[in-house]
Every structure is written in structure tokens, then in C-alpha cells.
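Open the model in your viewer and keep the selection tool ready. The tour goes stop by stop.

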Amino acid sequence: MDLITKTLFLCSALALANGAPAHTQDAAAHDGEAHAAVPDRCAGIEFDAITPDENGITFFFKGAHMWKGYHGPALLSNQSFKELDDIHHIGHVDAAFRMHNPANQDVHDHIYFFLDDKVFRYFNHSLEDGYPKEIQEEFPGVPTHLDAAVECPHGECTEDSVLFIKGHDVHVYDIATKTVKTKTWAHLPVCTSALRWMEGHYCFHGHNFTRFNPVSGEVSGNYPKDARDYFMRCADHGHGGGSKVRKCSEVKLDAITTDDAGKTYLFAGPIYMRLDTHRDGFHAFLITRTWKEVTGGVDAVFSYSDKTYLIKDDQVYIYKAGVPYILVEGYPKTLKEELGIEGHVDAAFHCPGEHTVHVIQGQHMRDVDLTATPRVVTRDVPLPVSDIDAGYCGSDGVKIFKGSQFYHYESPMILAMGKIAPELHNITPEMMGCQE
């Protein structure tokens, strides 16, 4: 269990960074500041701006410095975004965000930096032609000298939007209509930077952060929290402090599934990771954070009809998909009651568009019709493989995981008909954020 737990915690690749250019009165003054003492984010500092780039690497800015990723040394920000320095002689960035506008690929995933009354737009760390511009020219109705900015995609906000924050005022900019609605959230701390991470919106203030609802400004949960416990690796802080990224050869899964909303979850020991949010980093959380009734890990997980089924020992927990996940009334139930099977389950998977869950027990795959009442096994076939840990079915077929490797089949039918085990493939960094 310890190895399993470490594997995912250490696979966490929370790509976060700090560092920022700074406004000064003249180039000489700026040059002196740029070579001033390097800030230590683990000492507890207040960030000037935070933004991920198009590759999912998040930069945290402070004065003339920045950090790439959740660990590593501070760098001079003009090494990555030199025009901010050359053109503006900056002392710090006021605000920054990554644009979310899939309808316009000319701006989607571009980074915007705000300095006084100017806005700079970058892609692939190159300044776009025509920039800098006046903020009012690019974003009509948005004030200058901002404190923070953060994107808010449709679904999290009413429309694809950007939240521009100045003091306690939040200027909600509708990207399509280029209109602004201003709200005052006096209950929130004054944000010196903001970040959208794993579908959550975070206001950073001092060395702390507060998660807020981007529509109402509501704060739920115990906040503020120390940023060093979550958004960087610091000794004596957080749940991943001092760890190293584990090798892919050490990965061992318990389950993997994708729900109807397209969220892909990987389970190992008492923790899980979201794989579809890889651009925010691979980060591990306790299973009880999302499915609070399930303790001590899972044996198998599958998703069907807007519900997620978690199997632990001889119990089946069914949750309504969504945030938060809510346990269906009357659950957990026994495997016999819910799926018509008994005994230990090694893996389970459901293919999109089907009504069958494929349950692997030892060297047998048992198919259960999810539309039947009561549910019973409709097919029981021997498998050419054994010691299976997890199964997954997606658009590219079926993956059956065994340790740090997996078998690939074109369909459950091919798996069921197979007489000889196919070639084993290795889990890769791109799949799960581990290290080769």
C-alpha cells in the first residue's frame, strides 16, 4: 500500500510557477532590482501574478522573478518574456491569465500580461504582433492597474469570460459580446493574483489562497489555506513535500474510468488523480475528498448512465456524477444485490454506448447487462491473461493494466475471443505523469 500511495502522490506534477517582471522608473533602477536577492517562495511570499501557458506549465511571478513548475529555482522573468522588460522596464506584473476561447483559435490558449494601462499577448513565449496595446483597446470597459485576472470557461461561468479583479470589484468580461458586468465581493480578500486550476478558481492573498465560486463569489469550505501546502513543494509543508516524481515502472493501478462528463479518474491505494486535467498537472487527492464514504481504496470502478460505480470488497457504492458526487440513497449494496456476482473483483470497465459492464475476476471476464432487473451474468469467458489490476474502455479500444504495463485490445469481443496474451505495453509519462 505504501508504494501504491507514494506512486500517485509522487506522480503529482502540479505545474505551478512564480515570478514576475516589475515596473520601475528607469532601466537602471529596474536592472538593480532584477539582480536583487532572489525571493524564496517557501518563506511565504505574496505573488504578483499567476498564469498557465498553452502547455499547462503555470508561472508564478514575484517582482523580477518567476518559477516554472511546483519546484525548482527562481528565474529572472525576462529570460522567458523579455519584451515585458525591453518595452516597459517593468518592476512587476499586475495580472496575467491564459485565454479560454475555443471559438477563436487566434487567441485561444494565448497568455495575457497586464502592466499599468498596457496589455501584452504571448503565444509560445513570443510577443504577438501589435502588442503591447492599451487595455481599453483590447478589453473595453476593463480598468487599468489591475490586481488579478483569471479565465472562466462556459459551464463554470454563464459564458466564456474573464474575471478582472481590482480591490473588491470583479469585472466580468464576456468574451463574445465584449461587455463588462461589475460585481463587488467585499467578503473576499483582496486578490493579488488568481488562478483557475482543475476547474476551481483561486484568489491568492499573502502566502494564502481562498477558493471561490466564479459566478457568486461564494466561499465554501475552510479557507484561507497556505499556498505552500498545495501549489509548491516546500519542506514541512503540504502532502507532497520533499517527494520526487516516481518512475513509470513503479506505477500500479487499482482502477481507471471516464464518466459521462469526460472526467477521467485513476485510482491507486487511498488516492486518485484526474487525468483529463493534465494541463493543470497530475495531482493526487484522497479518494474520500470526492467519494467520502469510500475509505481504504477501491478494487474496481466503472461509469454508466451519469453514475459512477465504486467496488470495494463485496460492496458497491453508486454516486451521481457531478460536483459534488452524491451517494445514491440506499447504497452501498452487496455485489450480489447490485451485479449478480460474488467474490473478489480485480477490474471492471464499461464501453461508451454499451449497456454491459465487463467484470474481471481472476482469469475470467463476466459480462453483466446493466439494463436487466435483476442483473445477472450474461457471459462468462476465460481470459489468456491473469493478475489484472485495472481495465479501461475508450475510443481506442480496451486497455487491461497489469502492474506498470497494459494489454491493448480493439474491443471487448477481441479480448473475450483471445487465446494468447498480446504484447505488453509500458505505461508512459504522457498517460499518467510519471517519469521514464
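At which residues does UniProt place the feature "binding site"? The unreviewed UniProt entry puts it at H239 and H283. UniProt positions follow the numbering used here, feature names are shortened, and annotations may be inferred rather than shown by experiment.

Before moving on, some ground rules. This is a predicted model, in which local features need pLDDT of at least 70, side-chain atom pairs count only at pLDDT 80 or more, and totals for chains, interfaces and linings use all residues. Residues are numbered from 1 along each chain as its sequence is written, and side-chain values use heavy atoms, with hydrogens and water left out.

**Stop 1: H283.** Select H283. It lies in the loop between β22 (271–274) and β23 (284–286). Helices (H or I, at least four residues) and strands (E, at least two) are DSSP runs, numbered from the N terminus. H283 has a relative accessible area of 6%, so it is buried. Buried means under 20% relative accessible area, exposed over 50%, and partly exposed in between (1.4 Å probe, protein chains only).

**Stop 2: charges over rings.** Select R289 and F285. The charged end of R289 sits over the F285 ring, 4.0 Å from its centre. Then take K225 and Y223. Here the charged end of K225 sits over the ring of Y223, 4.8 Å from the ring centre. The criterion: NZ of Lys or CZ of Arg within 6 Å of the ring centre and within 35 degrees of the ring normal.

**Stop 3: aromatic pairs.** How many aromatic pairs does the structure hold? There are 41. Rings of Phe, Tyr and Trp (its six-membered ring) pair if their centres lie within 6.5 Å; planes under 30 degrees apart count as stacked, over 60 as edge-to-face and the rest as tilted. Select F47 and F60. Their ring centres are 4.7 Å apart and their planes stand at 70°, so this pair is edge-to-face. F47 is in the loop between α2 (27–34) and β2 (49–52), and F60 is in strand β3 (residues 58–62), 13 residues apart. Both F47 and F60 are buried. Next, select F164 and Y173. This pair is also edge-to-face, at 6.3 Å centre to centre and 80° between the planes. F164 and Y173 are both buried.

**Stop 4: R379.** Select R379 in strand β32 (residues 377–382). Buried or partly exposed? R379 is partly exposed, at 27% relative accessibility. Now show its side chain with that of D367: a polar contact of 2.8 Å joins them.

Key:
A polar contact is a pair of N or O atoms within 3.5 Å; within protein, one must be able to donate a hydrogen and the other to accept it, and residues adjacent in sequence count only if both atoms are side-chain atoms.
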